[in-house]
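Subject: Two-chain model, handed over with notes

Dear colleague,

Please find the structure below, followed by my notes on what was found in it.

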Amino acid sequence: MSASVLFDAPGPKARRRSLIFSIISIALVVAVVAWALITLAAPRQSSGITLPGSFDPSRWNIFADPRVWRDIGGGVLATLRAAGVAAVLALALGIIFAALRTSVYAWVRVPTTVVLEFFRGMPVLLLMLFILLASSFGAYWAVVLGLTLYNGAIIGEILRAGLASLPRGQREAGLSLGLSRLQTKTYIEFPQAFRQMLPVIVAQLVVLLKDTSLGYIVGYNELIRTTMNNMASFYGNRYLLSLFIVTLAIYLAINFSLSALARRLARRRVLR
Amino acid sequence: MNAVIDNLPTYLQGFGLTLSLFFIAGVSAIILGTVVAAMRISPVAGLRGFAAAYTELLRNTPLTLVLLFFAVVFPQIGPRIPYFASACVGLALYTAPFVAEALRSGVNGVPIGQAEAARSLGMGFGQSLTLVILPQAFRMVIPPLVNVMVALAKNTSVAGGFFVAELFTIGKGLANANGDNIIPILLGVAFFYLLITIPLGLLSSRLEKRWVVAR
């Protein structure tokens, strides 16, 4: 619903007012940003020692060292590896969950629903801790399996919604051709449901990628733990802010490209 | 099971902290999210751009990084604040864009014909908004908004990684102290989280069913 329907087209007076508001708000934002930058750039007294300003070369010089970038690259790879493995496993688990959840047998459907609700209602972090403490798989598998269980449950629900949105005739046609219920589901219903829900699934995979950062807390050396914990304690706290900015930039770059992919998939669906 | 019952006071202490994180961050996120959503649909281009940039930035940043900023990086560059306050600020700032998107999609979800009909009946901006658009938008907004709150309740556990002794941290401590009873201890923690998330989820699906707009 566009706002223009709600009120008449603004006249010269209203347009001028809107322009003035625009300028004031932009000036405010610029002022806040400038104030923050000036505060950051000023040298700072901290427990007796004077630190140079945040933009002083001495607080950024580690990034001239290729070893730093190799370590950061290792962190990025660790994040992507955990996210990739968890994504594949979560998709597989989601398909299984969706199939069981839509079973015709109540003794399959009802327990699956309980399990799904359990995983969906739990913090991912708690699932990771569970796996970390109750098994001896180590931090990497705690992150991967925690993400798999949680996102598998979510993707299962997404696929179920996709199955429910298909026209009844699809299933009936499959059955009337003599396919069994399982065959109808695998060859006719799931491929369509999957395509229907692809944008939502990709959006969920972006969430999964973001959640690999919980490895920071359970002790898996992914990107944030590599930069903000290991490197910050190796090179010193004076580099915290610069490391933070670099980490943030890397995350934004990865997530924006994935989100752009999701949007492209969504557009393609509309066009077809 | 005994380990859980013996440690019930400790659990409740953590649960209380989780609940207060949830309420403080939730209310602030709803207020902030409403402001952001209003900026996002306002006729002032400057506000619109600012709100869009804020939404995109926070939605693509992991919560861990946001909380890490307020707990670890911020004290390096600004005043030292208590960890509980920094967790609340981080959670609220992270959740607000999701609230804003839920609100915006509700207003955008009202078909344009409704607004046109109201206008063609001679209603002004205020009348068509309060009598026609918002009552319909409200019904479409509540279920996704409840879902955002469920996500927030689960996300409070991340604050446990940043020096706030809420339910997750309590559970971790208890599991370390009772190495022979890890599974019951952690199931106890899970129970308290489900105590928040499952009723909210049921509420969301009930409202969705009751308020479905037949068109």
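This is a predicted model: local features need pLDDT of at least 70, side-chain atom pairs count only at pLDDT 80 or more; totals for chains, interfaces and linings use all residues.

Residues are numbered from 1 along each chain as its sequence is written, and chains are lettered from A and ligands numbered from 1 in the order in which they are written.

On confidence, the model scores ipTM 0.84 and pTM 0.86; chain B has a mean pLDDT of 86, with 98% of its residues at 70 or more (pLDDT being the predictor's confidence in each residue, from 0 to 100).

To return to the pair in chain A, helix α5 (residues 139-165) and helix α7 (residues 181-211) pack at about 150 degrees with their axes 8 Å apart, where axes are lines fitted to C-alpha atoms, for helices over the stretch in contact, and angles run from 0 to 180 degrees between N-to-C directions. Helices here are DSSP runs (H or I, at least four residues), numbered from the N terminus. Among the residues that meet are L147(A), I154(A) and I158(A) from α5(A), and A193(A), M197(A) and L208(A) from α7(A), contact being defined by C-beta atoms, placed from the backbone, within 7 Å.

Helix α2(A), residues 66-101, also packs against α5(A), at an angle of about 40 degrees and with the axes 6 Å apart, and these two helices are therefore oblique to each other.

Between the chains, the contact takes 45 residues from chain B and 42 residues from chain A. On the chain B side, the largest share, ten residues, comes from α9(B).

Helix α9 of chain B also holds G188(B), which counts as buried because 22 C-beta neighbours lie inside 10 Å (the cut-offs are 20 or more for buried, 12 or fewer for exposed, and partly exposed in between, with C-beta atoms placed from the backbone). Leaving aside neighbours within four places in sequence, G188(B) is in contact with V4(B) and Y11(B); V4(B) is 184 residues from G188(B) in sequence, yet the C-alpha atoms of the two are 6.4 Å apart in space.

With best regards

How values were computed. Two residues are in contact if their C-beta atoms, placed from the backbone, lie within 7 Å. Angles under 35 degrees count as roughly parallel, over 145 as roughly antiparallel, 65 to 115 as roughly perpendicular and the rest as oblique.
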